[in-house]
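We will go from stop to stop, with a short note on what to look for at each one.

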Amino acid sequence: MVPLSRISERCQTVIERLTETLEENLEWMLYLREHGLDPGRTVSVVDTAPDGTLTLELAGAAVALGSALADNIYVSVKK
């Protein structure tokens, strides 16, 4: 598993784990839940902005994710 922030563009991944840092922040957890970013979901990195913000594709929808969140979401590369 690696942090989502280290995944290259167009790579499909599966969310495996959310860190305790995320789980302790209600605002972050609500954002993740609202956008379907739960363990077991498949996501792809579509674009990475210069500031580290990721644009993800999840079930055909685009979701923006800042580097602070992406650093705390661990994924595995889908084969």
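A contact here means heavy atoms within 4.5 Å. This is a predicted model, in which local features need pLDDT of at least 70 and side-chain atom pairs count only at pLDDT 80 or more, while totals for chains, interfaces and linings use all residues. Residues are numbered from 1 along each chain as its sequence is written, and side-chain values use heavy atoms, with hydrogens and water left out.

Start by selecting Ser44, which sits in strand β3 (strands are DSSP runs of E, at least two residues; helices are runs of H or I, at least four; both are numbered from the N terminus). Ser44 is buried at 12% relative accessibility (buried is under 20% relative accessible area, exposed over 50%, partly exposed in between, with a 1.4 Å probe and protein chains only). Leaving out residues up to four places away in sequence, Ser44 touches Cys11, Gln12, Thr55, Leu56 and Glu57.

Next, move to Asp51, in the loop between β3 (42-48) and β4 (54-58). Is Asp51 buried or exposed? Asp51 is exposed, because its relative accessible area is 57%.

Now go to helix α2 (residues 26-34), where Asn25 caps the N-terminal end, with a side-chain oxygen 3.1 Å from the backbone nitrogen of Glu27. Just after α2, select Gly36 and check its positive phi of about 75 degrees.

Finish with Leu4, whose contacts beyond four places in sequence include Val43, Leu56 and Ile73.

Technical notes:
A polar contact is a pair of N or O atoms within 3.5 Å; within protein, one must be able to donate a hydrogen and the other to accept it, and residues adjacent in sequence count only if both atoms are side-chain atoms.
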